[in-house]
Amino acid sequence: MSEEKLMSKKKPAFPVNERLDVYLGQYSRKIEIPIFYEDLLRFSGSVVVYDEDDNDTLWVRVFYSEMEREEIDRSLKKVYSILHSDGSNGITPYLNVDAVDYCTFGNSKPFRIKVRNILNDNFIYFYVKKTDASRVYGLELEHMLSPYNLNFLVYKDTLIEEHIAGIPGDVFIKDFLPKCTEREKSQLAKEFVKFNERCMIRLLGDMRSYNYVIVPVHDFDHVVYRIRAIDFDQQCFEGKLKVYRPQFFKENFLMVELVRGKLQRNSVDQYKVEERSIVAKRILSSGNRIKKLREICKNDMISNPENVSTLKNQIYELTLDVNFKKCERMGEVLDLALDFVKRNYQDVSMKEIIERKF
């Protein structure tokens, strides 16, 4: 299936509704910040950013007039303090904004901010984006249902995201995968199966290789690899179930081949059950927080009727749960999918789900 047919050409940004705004305030995600996305668009010039091999990174480094630069630097340091510290001005004299980069590729067109501690030269990145309800739901679900916590802030039409460190998936597949040992390749195959399952369960789409990172973790005498999503723009929007399964993107072909070459069918099924069980446990342990988010999402408009109709019917064909056919919004489909996983975990009847590949 071609990529054009697999995904919509462009996903619109959806506004944060009043209930979601209240939720974000309740869980310390909504905090007043001194600069907005639109302020960063006032740059007066830019240059292309190249990687170490002189390839265009699709980022440009932007520059501001002297009068604006001072105010923008001060505001970005304050944002750093709010995101990573107590929000006070005590650390700002020791910070320097080394770079403001702008990405012209993709839907979100983010700004990437590099902030350096002048006392020790340690630096960190964060991102400034336009607020999109899909992305907010995606970030919150990743925080609660994946092994990783996420730090982000929302204020009006501006979203601040912390940087997720790791090797971009496309770079890893090209430059690092061929050098991995056979044991490491087997572990990567296992992790990809789990990642694929996790994305499908919570309807996180478009996990092409450049939308996730691979994180090497040194553990005693070997390296363990983890896969983390870094782009949450396609949370609960597309109508085709394949979009929510990373295995169907051509950019992940070598990872899929790795699974085929390293894992037997029984092992793949085992890892799927493991991941579903872990996600179900996280749903249960997240308590009222995820219940509130799911209830808000159920009544939100984050996709179009055509996509909802397609997805609910495709999931029904796999689960045979007639409740999916009654859904009118994408949030309802997500809510039922999470409830389906939780119920089947509690009933200890995973075998039929695995056989239907959902």
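These legends describe close-up views of a predicted model. Local features need pLDDT of at least 70 and side-chain atom pairs count only at pLDDT 80 or more, while totals for chains, interfaces and linings use all residues. Residues are numbered from 1 along each chain as its sequence is written, and side-chain values use heavy atoms, with hydrogens and water left out.

**View 1. The largest nonpolar core has 72 residues.** A nonpolar core is a set of buried Ala, Val, Leu, Ile, Met, Phe, Trp, Tyr and Cys residues joined through side-chain atoms within 4.5 Å. Buried means under 20% relative accessible area, with a 1.4 Å probe and protein chains only. L20, L188, Y212, M255 and V333 have the most contacts inside this core. Helix α9, residues 265-298, gives the most to it: nine residues. Helices here are DSSP runs (H or I, at least four residues) and strands likewise (E, at least two), numbered from the N terminus. Another core lies apart, with 25 residues, including I33, Y37, I113 and I160. In soluble globular proteins, nonpolar side chains tend to be buried together.

**View 2. The surroundings of L188.** L188 touches F172, L177, C180, I214, Y225, M255 and L258. Residues up to four places away in sequence are not counted. Contact means heavy atoms within 4.5 Å.

**View 3. Helices α2 and α9 pack at about 160°.** Helix α2 covers residues 18-26. The two axes are 10 Å apart. Axes are lines fitted to C-alpha atoms over the stretch in contact, and angles run from 0 to 180 degrees between N-to-C directions. The angle makes α2 roughly antiparallel to α9, a term for angles over 145 degrees. α2 passes α9 in a left-handed crossing: the near helix is turned anticlockwise from the far one by less than a right angle. R19, L20, Y23 and Q26 of α2 meet R289, K292, L293, E295 and I296 of α9.

**View 4. Helices α7 and α9 pack at about 45°.** Helix α7 spans residues 182-201, and the axes lie 9 Å apart. That makes α7 oblique to α9, the class left over once angles under 35, over 145 and from 65 to 115 degrees are taken out. This crossing is right-handed. On the α7 side, contacts include K190, V193 and R198; on the α9 side, they include V268, Y271 and V279.

**View 5. An open sheet of three strands, β8-β9-β10.** Pairing is antiparallel; two strands pair if DSSP finds at least two bridges between them. The edge strands are β8 (167-168) and β10 (222-229). Eight bridges join β9, residues 212-219, to β10. V217 stands opposite V224 in β10.

Note on methods. Buried means under 20% relative accessible area, exposed over 50%, partly exposed in between (1.4 Å probe, protein chains only).
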